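Here is a short briefing to read with the structure open beside you. Take the topics in any order you like.

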Amino acid sequence: MLKILFSPSEGKNNGGNATKTELFGATNARDEILNAYNTIVLSKNEEAIKELFGIKKFDACKVYINDVFDSPLMSAIERYQGVAYDYLKYTQLQAIEQEYLKTNTIIFSNLYGPLLGGDAIANYKVKQGNNIGSIVPDKFYKDRFSYQLDLYLSAHDILDLRAGYYDKFYKTTQAYTTLKFLKNGKTVSHWAKAYRGIVLRECAKHNINSLEEFMNLEIEGLVLKETKTSKNKTQIIYDIVE
(Lines give C-alpha, C1' and ligand atoms only; values in the text may rest on other atoms or scores of the structure.)
Protein backbone atom coordinates (compact mmCIF):
# COMPACT_ATOMS: atom_id res chain seq x y z
CA MET A 1 0.00 0.00 0.00
CA LEU A 2 1.08 3.60 -0.57
CA LYS A 3 1.42 5.80 2.50
CA ILE A 4 1.61 9.55 1.92
CA LEU A 5 3.42 11.84 4.36
CA PHE A 6 1.85 15.30 4.51
CA SER A 7 2.27 18.65 6.28
CA PRO A 8 -0.26 20.34 8.57
CA SER A 9 -1.31 23.96 8.13
CA GLU A 10 -1.31 27.05 10.34
CA GLY A 11 -5.02 27.52 9.60
CA LYS A 12 -7.61 25.27 11.25
CA ASN A 13 -11.33 24.67 10.90
CA ASN A 14 -13.19 25.22 14.17
CA GLY A 15 -15.75 22.88 15.74
CA GLY A 16 -16.18 19.20 14.98
CA ASN A 17 -18.31 16.26 16.02
CA ALA A 18 -15.96 13.31 15.54
CA THR A 19 -15.80 10.54 18.11
CA LYS A 20 -12.64 10.30 20.20
CA THR A 21 -10.33 7.61 18.83
CA GLU A 22 -6.97 6.15 19.70
CA LEU A 23 -4.38 8.27 17.90
CA PHE A 24 -1.57 6.92 15.74
CA GLY A 25 1.04 5.12 17.78
CA ALA A 26 -1.34 4.08 20.55
CA THR A 27 0.96 5.52 23.20
CA ASN A 28 0.76 7.89 26.15
CA ALA A 29 3.90 9.70 24.97
CA ARG A 30 1.79 12.57 23.63
CA ASP A 31 0.31 13.30 27.04
CA GLU A 32 3.48 15.09 28.14
CA ILE A 33 3.39 17.61 25.30
CA LEU A 34 -0.40 17.95 25.34
CA ASN A 35 -0.33 18.68 29.08
CA ALA A 36 2.41 21.28 28.55
CA TYR A 37 0.28 22.90 25.82
CA ASN A 38 -2.82 22.87 28.03
CA THR A 39 -0.92 24.46 30.92
CA ILE A 40 -0.03 27.47 28.77
CA VAL A 41 -3.38 27.77 26.99
CA LEU A 42 -5.40 27.67 30.22
CA SER A 43 -2.96 29.83 32.21
CA LYS A 44 -4.61 33.19 31.39
CA ASN A 45 -1.09 34.47 30.71
CA GLU A 46 -1.84 36.52 27.61
CA GLU A 47 1.80 37.06 26.61
CA ALA A 48 2.66 33.36 26.90
CA ILE A 49 -0.42 32.40 24.90
CA LYS A 50 0.30 34.94 22.15
CA GLU A 51 3.89 33.75 21.94
CA LEU A 52 2.89 30.08 21.68
CA PHE A 53 0.27 30.78 19.02
CA GLY A 54 2.39 33.29 17.13
CA ILE A 55 -0.49 35.81 17.21
CA LYS A 56 -0.01 39.50 18.00
CA LYS A 57 -3.49 40.38 19.27
CA PHE A 58 -4.96 38.42 22.16
CA ASP A 59 -8.52 38.69 20.84
CA ALA A 60 -7.45 36.59 17.86
CA CYS A 61 -6.21 33.91 20.25
CA LYS A 62 -9.54 33.29 21.92
CA VAL A 63 -10.86 30.77 19.37
CA TYR A 64 -7.97 28.48 20.33
CA ILE A 65 -8.24 28.83 24.12
CA ASN A 66 -9.83 25.50 24.94
CA ASP A 67 -8.93 22.44 26.97
CA VAL A 68 -7.31 20.25 24.32
CA PHE A 69 -8.55 17.15 26.17
CA ASP A 70 -12.16 18.35 26.28
CA SER A 71 -12.86 20.07 22.96
CA PRO A 72 -14.88 19.21 19.84
CA LEU A 73 -12.95 16.82 17.62
CA MET A 74 -12.51 16.64 13.86
CA SER A 75 -10.42 14.28 11.71
CA ALA A 76 -6.97 15.69 11.01
CA ILE A 77 -7.49 15.67 7.25
CA GLU A 78 -10.56 17.91 7.76
CA ARG A 79 -9.17 20.08 10.55
CA TYR A 80 -6.51 21.89 8.55
CA GLN A 81 -7.08 24.72 6.10
CA GLY A 82 -4.43 26.33 3.93
CA VAL A 83 -3.19 26.30 0.35
CA ALA A 84 -2.55 22.54 0.12
CA TYR A 85 -5.88 21.73 1.78
CA ASP A 86 -7.73 24.24 -0.40
CA TYR A 87 -6.51 22.36 -3.47
CA LEU A 88 -7.18 18.97 -1.86
CA LYS A 89 -10.89 19.93 -1.71
CA TYR A 90 -11.66 17.18 0.78
CA THR A 91 -15.38 17.97 1.13
CA GLN A 92 -15.90 17.57 -2.63
CA LEU A 93 -14.52 14.03 -2.69
CA GLN A 94 -16.64 10.89 -2.60
CA ALA A 95 -16.87 8.95 0.66
CA ILE A 96 -14.54 6.18 -0.57
CA GLU A 97 -11.96 8.80 -1.58
CA GLN A 98 -12.23 10.53 1.79
CA GLU A 99 -11.69 7.19 3.50
CA TYR A 100 -8.55 6.66 1.41
CA LEU A 101 -7.17 9.94 2.79
CA LYS A 102 -8.09 9.06 6.36
CA THR A 103 -6.35 5.69 6.10
CA ASN A 104 -3.31 6.40 3.95
CA THR A 105 -2.23 9.97 4.82
CA ILE A 106 0.13 10.66 7.72
CA ILE A 107 0.10 14.31 8.80
CA PHE A 108 2.89 15.72 10.99
CA SER A 109 1.26 18.08 13.48
CA ASN A 110 3.29 20.64 15.46
CA LEU A 111 1.29 19.61 18.54
CA TYR A 112 0.13 16.02 18.03
CA GLY A 113 3.06 14.72 16.00
CA PRO A 114 2.35 12.00 13.40
CA LEU A 115 -1.35 11.44 12.81
CA LEU A 116 -3.36 9.36 10.40
CA GLY A 117 -5.68 11.53 8.35
CA GLY A 118 -8.65 10.00 10.16
CA ASP A 119 -7.35 10.63 13.69
CA ALA A 120 -9.72 12.93 15.60
CA ILE A 121 -8.04 16.03 17.04
CA ALA A 122 -9.03 19.26 18.75
CA ASN A 123 -8.65 22.75 17.32
CA TYR A 124 -5.26 24.08 18.42
CA LYS A 125 -2.57 26.61 17.56
CA VAL A 126 1.20 26.24 17.68
CA LYS A 127 3.30 28.45 15.44
CA GLN A 128 5.71 26.37 13.40
CA GLY A 129 9.11 26.29 15.11
CA ASN A 130 7.83 27.32 18.55
CA ASN A 131 8.59 25.33 21.69
CA ILE A 132 5.72 24.20 23.89
CA GLY A 133 6.95 25.15 27.34
CA SER A 134 10.37 23.52 27.52
CA ILE A 135 9.52 20.92 24.87
CA VAL A 136 10.87 21.16 21.32
CA PRO A 137 8.10 19.44 19.30
CA ASP A 138 10.17 18.18 16.37
CA LYS A 139 12.83 16.62 18.62
CA PHE A 140 10.16 15.30 21.01
CA TYR A 141 8.36 13.41 18.27
CA LYS A 142 11.48 12.32 16.39
CA ASP A 143 12.80 10.70 19.58
CA ARG A 144 9.50 9.03 20.55
CA PHE A 145 7.89 8.06 17.26
CA SER A 146 10.61 7.31 14.68
CA TYR A 147 10.83 3.64 15.65
CA GLN A 148 7.06 3.21 15.48
CA LEU A 149 6.91 4.97 12.13
CA ASP A 150 9.71 2.78 10.77
CA LEU A 151 7.77 -0.33 11.79
CA TYR A 152 4.48 0.99 10.43
CA LEU A 153 5.91 2.06 7.09
CA SER A 154 8.21 -0.93 6.56
CA ALA A 155 5.63 -2.84 4.52
CA HIS A 156 4.52 0.13 2.42
CA ASP A 157 5.64 2.42 -0.38
CA ILE A 158 6.25 5.98 0.83
CA LEU A 159 5.40 9.19 -1.00
CA ASP A 160 6.71 12.14 1.01
CA LEU A 161 4.73 15.31 0.21
CA ARG A 162 5.81 17.21 3.32
CA ALA A 163 7.45 20.61 3.35
CA GLY A 164 11.15 20.21 4.18
CA TYR A 165 10.69 21.53 7.72
CA TYR A 166 8.90 18.34 8.75
CA ASP A 167 11.95 16.19 8.04
CA LYS A 168 12.87 17.27 11.58
CA PHE A 169 9.98 15.20 12.93
CA TYR A 170 10.83 12.04 11.02
CA LYS A 171 13.44 10.92 8.50
CA THR A 172 12.73 7.53 7.01
CA THR A 173 15.59 5.07 6.63
CA GLN A 174 13.85 3.08 3.88
CA ALA A 175 13.23 3.92 0.25
CA TYR A 176 10.92 6.87 -0.31
CA THR A 177 9.87 9.25 -3.09
CA THR A 178 9.54 13.04 -3.04
CA LEU A 179 8.31 15.54 -5.63
CA LYS A 180 9.79 18.78 -6.93
CA PHE A 181 7.84 21.34 -8.95
CA LEU A 182 9.41 23.73 -11.46
CA LYS A 183 7.86 26.64 -13.31
CA ASN A 184 9.92 28.25 -16.07
CA GLY A 185 12.87 26.26 -14.78
CA LYS A 186 12.63 27.60 -11.22
CA THR A 187 11.55 25.85 -8.03
CA VAL A 188 8.21 27.18 -6.77
CA SER A 189 6.93 27.60 -3.19
CA HIS A 190 3.26 28.68 -3.25
CA TRP A 191 2.50 26.41 -6.19
CA ALA A 192 4.38 23.56 -4.54
CA LYS A 193 1.85 23.70 -1.70
CA ALA A 194 -1.01 23.77 -4.20
CA TYR A 195 0.31 20.83 -6.20
CA ARG A 196 0.97 18.77 -3.09
CA GLY A 197 -2.75 19.12 -2.38
CA ILE A 198 -3.61 18.31 -6.00
CA VAL A 199 -1.34 15.24 -6.00
CA LEU A 200 -2.89 13.96 -2.76
CA ARG A 201 -6.36 14.52 -4.22
CA GLU A 202 -5.51 12.61 -7.41
CA CYS A 203 -4.08 9.72 -5.40
CA ALA A 204 -7.38 9.47 -3.52
CA LYS A 205 -9.52 9.80 -6.64
CA HIS A 206 -7.59 7.06 -8.45
CA ASN A 207 -7.06 4.84 -5.41
CA ILE A 208 -3.29 4.78 -5.92
CA ASN A 209 -1.85 1.86 -3.97
CA SER A 210 1.81 1.82 -4.99
CA LEU A 211 4.58 4.00 -6.36
CA GLU A 212 4.37 2.06 -9.60
CA GLU A 213 0.72 3.10 -9.96
CA PHE A 214 1.65 6.66 -9.02
CA MET A 215 4.30 6.84 -11.75
CA ASN A 216 1.60 6.03 -14.29
CA LEU A 217 -0.77 8.68 -12.94
CA GLU A 218 -1.32 11.66 -15.24
CA ILE A 219 -1.95 14.88 -13.32
CA GLU A 220 -3.37 17.87 -15.13
CA GLY A 221 -0.94 20.79 -15.21
CA LEU A 222 2.14 18.65 -14.53
CA VAL A 223 4.61 17.16 -17.00
CA LEU A 224 7.29 14.73 -15.85
CA LYS A 225 10.73 16.26 -16.44
CA GLU A 226 13.09 13.77 -14.85
CA THR A 227 13.61 11.34 -11.99
CA LYS A 228 16.68 11.30 -9.75
CA THR A 229 17.68 8.62 -7.25
CA SER A 230 20.30 8.98 -4.55
CA LYS A 231 20.69 6.40 -1.77
CA ASN A 232 17.16 5.72 -0.48
CA LYS A 233 15.57 8.86 -1.96
CA THR A 234 13.91 9.12 -5.37
CA GLN A 235 12.91 12.61 -6.50
CA ILE A 236 10.37 13.09 -9.26
CA ILE A 237 10.71 16.49 -10.92
CA TYR A 238 7.68 18.00 -12.64
CA ASP A 239 7.29 21.03 -14.87
CA ILE A 240 4.16 23.08 -14.17
CA VAL A 241 2.53 23.90 -17.49
CA GLU A 242 -0.26 26.37 -18.29
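A cavity is a set of grid points where a 1.4 Å probe fits but cannot get out, and its lining residues have an atom within 4 Å of a point. Please keep in mind that this is a predicted model.

**The enclosed cavity**

- A search of the whole structure turns up one cavity of 30 Å³ or more, and the volume of this largest cavity is about 40 Å³.
- Around the largest cavity you will find Asn110, Val126, Lys127, Gln128, Gly129, Asn130, Pro137, Asp138, Tyr165 and Phe169.
- By class, that lining splits into four nonpolar, four polar and two charged residues.

- Lys127 sits in the loop between strand 7 and helix 6 (137-153).
- Setting aside residues up to four places away in sequence, Lys127 touches Glu10, Leu52, Phe53 and Gly54.
- For one of these, Phe53, the separation from Lys127 is 74 residues in sequence but 5.2 Å in space, C-alpha to C-alpha.

**The largest pocket**

- The largest pocket has a volume of about 730 Å³.
- Its lining is made up of 36 residues, and those nearest the centre are Ser7, Arg162, Ala163, Gly164 and Arg196.
- Helix 4 (83-88), strand 9, helix 7 and strand 12 (233-240) are the elements that give two or more residues to this lining.
- Which element gives the largest share of the lining of the largest pocket? Strand 9 does, with five residues.
- Sorted by class, the lining of the largest pocket has 16 nonpolar, ten polar and ten charged residues.

**The second largest pocket**

- The second largest pocket holds about 380 Å³ of space.
- Of the 20 residues that line the second largest pocket, Lys20, Thr21, Leu23, Leu34 and Phe69 lie nearest its centre.
- At least two lining residues come from helix 1 (29-41), and at least two from strand 7 (120-122).
- The lining of the second largest pocket contains eleven nonpolar, four polar and five charged residues.

**The nonpolar core**

- In soluble globular proteins, nonpolar side chains tend to be buried together.
- Here the largest nonpolar core has 77 residues, and Tyr37, Tyr112, Leu159, Phe181, Val199 and Phe214 have the most contacts inside it.
- Helix 7 (residues 190-205) gives the most to this core, with seven residues.
- Phe181 is worth a look: beyond its neighbours within four places in sequence, it is in contact with Lys186, Thr187, Val188, Ala192, Tyr195, Arg196, Val199, Leu222, Tyr238 and Ile240.

**How the strands pair**

- Strand 1 (residues 2-6) runs parallel to strand 8 (residues 157-160), and the two pair over four bridges.
- Within that pairing, Leu2 has Asp157 in strand 8 as its bridge partner.
- Strand 8 also pairs in the parallel sense with strand 9 (residues 176-183), over two bridges, and Asp160 stands opposite Thr178 in strand 9.
- Strand 11 (residues 222-230) and strand 12 pair in the antiparallel sense over eight bridges, with Ser230 opposite Lys233 in strand 12.
- Strands 11 and 12 form a hairpin with two residues between them, and Lys231 in the turn has a positive phi of about 55°.

**Helix 1 and Asn38**

- Which residues of helix 1 are buried? They are Arg30, Ile33, Leu34, Ala36, Tyr37, Asn38, Ile40 and Val41.
- The cover over these buried residues of helix 1 includes helix 2 (46-53), strand 6 (113-116) and helix 6.
- Asn38 lies in helix 1, and Asn38 counts as buried because its relative accessibility is 9%, with the cut-off set at under 20%.
- Apart from neighbours within four places in sequence, Asn38 is in contact with Asn66, Asp67, Val68 and Phe69.

Key: Residues are numbered from 1 along each chain as its sequence is written. This is a predicted model: local features need pLDDT of at least 70, side-chain atom pairs count only at pLDDT 80 or more; totals for chains, interfaces and linings use all residues. Side-chain values use heavy atoms; hydrogens and water are left out. A nonpolar core is a set of buried Ala, Val, Leu, Ile, Met, Phe, Trp, Tyr and Cys residues joined through side-chain atoms within 4.5 Å. Buried means under 20% relative accessible area, exposed over 50%, partly exposed in between (1.4 Å probe, protein chains only). Contact means heavy atoms within 4.5 Å. Two strands pair if DSSP finds at least two bridges between them. On a 1 Å grid over the protein atoms alone, a cavity is a set of points where a 1.4 Å probe fits but cannot get out, and a pocket is an open set with protein on both sides within 12 Å along at least five of seven lines; lining residues have an atom within 4 Å of a point. Grid points are joined across faces, edges and corners, and a volume is the space filled by probe spheres set on the points. Ala, Val, Leu, Ile, Met, Phe, Trp, Tyr, Cys and Pro count as nonpolar, Asp, Glu, Lys and Arg as charged, and the others, Gly among them, as polar.
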